[in-house]
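Please open the model in your viewer, with a way of selecting residues by number. The tour below goes from stop to stop, saying what to select and what is found there.

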Amino acid sequence: MANNTADHPPGNSVAEGNHDGDFGMAVTDLRDLMELRSAEAVTLIQDTYGDVQGICRRLKTSPIEGLSGNPVDLEKRHTSFGKNFIPPKKAKSFLALVWEALQDVTLIILEIAAIISLVLSLYHPPGGDSEACGKVAGGVEDEGESQAGWIEGVAILFSVAIVVLVTAFNDWSKEKQFRGLQSRIEQEQKFTVIRKGQVIQIPVAELVVGDIAQIKYGDLLPADGILIQGNDLKIDESSLTGESDQVRKSLEKDPMLLSGTHVMEGSGRMVVSAVGLNSQTGIIFTLLGASEHDEEKKVKKSKKQGPPENRNKAKTQDGIALEIQPLKSEEAAESEEKEEVKPVKKVNVTKKEKSVLQGKLTKLAVQIGKAGLIMSALTVIILILFFVIDTFAIQGRTWLSECIPIYIQYFVKFFIIGVTVLVVAVPEGLPLAVTISLAYSVKKMMKDNNLVRHLDACETMGNATAICSDKTGTLTMNRMTVVQAYIGDTHYRTVPEPDAIKPETLETLVNSISINSAYTTKILPPEKEGGLPRHVGNKTECALLGLVLELKRDYQPIREEIPEEKLYKVYTFNSSRKSMSTVLKNADGGYRMYSKGASEIVLRKCSRILDTQGQPRNFKPKDRDEMVRKVIEPMACEGLRTICVAFRDFPAEGGEPNWEVENDILNELTCIAVVGIEDPVRHEVPEAIAKCQRAGITVRMVTGDNINTARAIATKCGILLPGEDFLCMEGKEFNQQIRNDQGEVEQERLDKVWPKLRVLARSSPTDKHTLVKGIIDSTVLETRQVVAVTGDGTNDGPALKKADVGFAMGIAGTDVAKEASDIILTDDNFTSIVKAVMWGRNVYDSISKFLQFQLTVNVVAVIVAFTGACITQDSPLKAVQMLWVNLIMDTLASLALATEPPTESLLLRKPYGRNKPLISRTMMKNILGHAVYQLVIIFTLLFAGEKIFDIDSGRNTPLHSPPSEHYTIVFNVFVMMQLFNEINARKIHGERNVFEGIYKNPIFCSVVLGTFVLQIVIVQFGGKPFSCTALTIDLWLWCVFIGVGELLWGQLISAIPTHHLKFLMEAGHGTTKEEMHPEELQENDDEIDHAEMELRRGQILWFRGLNRIQTQIKVVNAFRSSLRLESPESRSSIHSFMAHPEFVPLSEEEARCPPIEESGDEIESLPSASSGATGGGGEPPSALPPRSHEPSI
């Protein structure tokens, strides 16, 4: 060791020369080495390099001091070995997004109609005798306007172009925003390395070959490396190999560490041997990247044809690309997440439904789509019938071939009107509103310390009914200090003076704490003068090291005397052991083991205790019970966490024990001390929990601590209230109550426990997962519970995934927990969760506001277009006007109403729950009430407007006649009413003051004013394309006056009590169990979302095409494409907001519990989706032949 360090002093920089020869190894040597595993690798290292130290020498690095950090040296390493960066997928160009926006079926229909209209207007039939063709041609020549027939076609095309550009621009800006979010997530991922002998954290992108990295429990390895020294190191390599068993790493057996794998246990140091595209992850990623294009084609083909198994294989190929891209893309994040679920996948887990809001929106959109389709078809049929009957029956004309072009022009006009009705009927602004609202919230939530990883989590949080929170760091400050101690038969209420303790006892205690804790845990001097010392690493260990410092000793010299290499064996802390032990070899050939851990667990293994003289005396069970009663319980009741520090000597004559038999080793201990560690409750937490309770959210505390400690903290936080009969129980008792004789969890038993349970102490990660799953699956309450969970440890992964929303700790959380989560709390604080609830509810309300506004516009426009067409053979609102009202006002309104900031009042109501309709009775009252006002006004103007304003009538004008003042007023009044109704739509719960807080939303004010200005421009200067003619100032004043009437009418509507209007329907419910088909209720991994099933039944093509829901998908694809690989079919499902890796390595697919971000999209990646997911031909997924677990690579 020493000579190696001497060879390469830390200041060494390899600045001279510029070729690979400066390092004793080239990239190819390292690549070849990293492709070997276990024994082969060990043999090659010994044969070629001697040992790992030899590799370090060739890479010019010191295993103890690390690299010098000299910029010239680092740059040289970048040049020779590459950077630790895997380039992300190329962003879509603006033109590609425009092309995608053009794929929309409704727009295509409009384009075709416009082109036909254009062609026919430019085509003049030879000698079309106007008399012979009847009044069909009347007026065409008279006005001398026949040349202007092309205007409508061009105007429609122009409107389509604007819509496409707006959609594409939205997509583009979302993608840009998301890449920003992406890079922020990436910059936050740091890794611990040793440079110049100092332990520092650097962003993973700055790792270079030759860096000495420290690895510990919970890390996601960002580069390949070779182990230099390890303690009890176990790695989960399933993301690369598909093998779910943890792999034990050691210098003798298997020192190869691969990027993208997780450290599940232990700690150690490695020399980085490959980064970026040269790492195992990068190599496979490059191979796939080369043929990515072909693969995509294959995947598309295989999705359309071939048996399900083959289809999956094709998917898998791309799947690997994402599986192993941990460094620089969130796709990897997802792929890693799935692995975490391994420990709990024995049962068949039902997949989670898609988010509440999306389920309701899908359903609502399907219903509206059906209605729109029927209305538009009826309009076209009635117009054609009316025309045919009028021309050939009433006027008795004969069909003349030279009149055909004129007839066709009429039919095209009718067709365009029909399409227009459809365009207006389907609320395509809705997806945009959802997208804008979510994107806006995500951006703002950043400021509230919520880093949202999956968009839908933000909205799901608004429906949360239960939060299962960790204690340490979330409810408490995670700043731990030892405040009481029991040493040498004495209970000290404060930390004792060093003189009060026997020197031998003090020596043993200080050595035990200094050596038996992670060497990465340190107490550093404060950053600012007069501040608190900085705690680095495990906070409990920091408290113990703090005790050493308070006893006027220092741990650093002891660690320097016994470096990590000299530790003989380390049993690292894990959730099942609940203790940590370190073994040292003595000079005489004997061994000494230091242990520490949860007091009741370690004390059970103690047979001796050091007395006042520092001598071991016998420690019997009755002594232990007395100690628990007199020392541990009183400490715990004050909210202290109790830790027992102990040791054991193995004499040399006994020979070397068998270290693998832990039960024999961790026994016969001698207790040195029991300490009480305080972790004060964050002062803002009690108020935040009270807010949650007012908002109808139950907060439960799930902790690994002693039940008395947990109870004390829960009382301080306000989770347990005096006089309430809430349950506090330990994991053991919890399991006894919920499991049957076979040890299986029974939902009925669980249902008796969870409603009253508030504190679960001494719980394991499995208990946490069982509790979360039990609450989610429970049917005891009327509504299904929506559960949020916080977690920071590697083994919290399963619970974080199972929860509707998983919160990981940004500061204390391990990489594994962060990858399994939906939202990362950047400040680890419970109050940030309350902010997330507020934003979630705000998203829900924003969508409801927009729906209330949008549906009023739709109802009125459809009825006006339909009745107008039927009575006057022409829609009073022309296609271009409809497009303006519908698309541009929709887009602007979705922007205005989706960006309302949240208020505290959102926390004063109960959660909506899964079955609460999107459109409440109050909203339905507002929609129908305002629709009545608008329809009365418009029909009055339509049929009597010319008399009221003393102008020419615009009804029954011939084809191509110039725009009339009459119809311009109808159009203008319609838009004015929408504008003022937009202000009404700001309130959805029947509030009177619709202007409240309007100035806090500058976007809303600017949108309303902007729309008003544009309307003036369109009416005054829009001319023929917009079928408008300029209006005088007094007509304008009348239009605005009628619009303001909306606000007064709104006051009148809100005065009517909703509970009297029992006849009003609600719409947009969640799916209830009764509506599901029995086969959908089967618990199998591929359970499909029920609203999605409705899309599948019936006329799939019609709804897929004509539901303008596709607009939204395009908007959303932009989000996704920066994060995920796109599936060809995914465009047609409304829930594409969800981040989801669609491709899964074969070996994992059937076995794991679906991660949160896949939640609705299984319909896309079901093996037999194309052949009908349930009973539509093709065997059901459950009947697929089982596949063997061959590794994916």
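Select helix 34 (residues 965-984) and helix 36 (residues 1033-1055), whose axes come within 8 Å and cross at roughly 35°; axes here are lines fitted to C-alpha atoms, for helices over the stretch in contact, and angles run from 0 to 180 degrees between N-to-C directions. Helices (H or I, at least four residues) and strands (E, at least two) are DSSP runs, numbered from the N terminus. The crossing of helix 34 with helix 36 is right-handed, a term used when the near helix is turned clockwise from the far one by less than a right angle. Now show the side chains between them: helix 34 contributes residues including Ile969, Val973, Met976 and Phe980, and helix 36 contributes residues including Leu1035, Trp1036, Val1040 and Leu1047, where contact means heavy atoms within 4.5 Å. By class, this contact has 13 nonpolar, five polar and two charged residues, with Ala, Val, Leu, Ile, Met, Phe, Trp, Tyr, Cys and Pro counted as nonpolar, Asp, Glu, Lys and Arg as charged, and the others, Gly among them, as polar.

Before going on, note how the model was made and treated. This is a predicted model, in which local features need pLDDT of at least 70 and side-chain atom pairs count only at pLDDT 80 or more, while totals for chains, interfaces and linings use all residues. Residues are numbered from 1 along each chain as its sequence is written, and side-chain values use heavy atoms, with hydrogens and water left out.

Zoom out to the whole chain, where 42 helices and 26 strands are found. Of the 1193 residues, 60% are buried, which is to say under 20% relative accessible area, with exposed meaning over 50% and partly exposed in between (1.4 Å probe, protein chains only).

Next, select Met461, Phe807, Phe830 and Ile919, which touch the most other members of the largest nonpolar core, a group of 63 residues. Such a core is a set of buried Ala, Val, Leu, Ile, Met, Phe, Trp, Tyr and Cys residues joined through side-chain atoms within 4.5 Å. Helix 31 (residues 830-872) supplies the largest share of this core, 12 residues. Another core, of 57 residues, lies apart from it, and its members include Phe949, Val973, Phe974 and Val1008.

Which residues does Met461 touch, not counting those up to four places away in sequence? They are Ile467, Ala788, Val805, Phe807, Ile833, Ala836 and Val837.

Move to helix 33 (921-949), in which Glu946 lies. Glu946 is buried at 11% relative accessibility, and its contacts beyond four places in sequence are Leu941, Ile951, Asp952, Ser953, Arg955 and His966. In the loop between helix 32 (879-898) and helix 33, select Arg909, which is buried at 17% relative accessibility and is in contact with Ala695, Arg841, Asp845 and His989, leaving aside neighbours within four places in sequence.

For the last stop, compare two loop residues. Glu668, between helix 23 (662-665) and strand 20 (669-678), has a positive phi of about 55° although it is not a glycine. Asp828, between strand 26 (823-825) and helix 31, also is not a glycine and has a positive phi of about 55°. Is each of them buried or partly exposed? Glu668 is partly exposed, with a relative accessible area of 41%, whereas Asp828 is buried at 4%.
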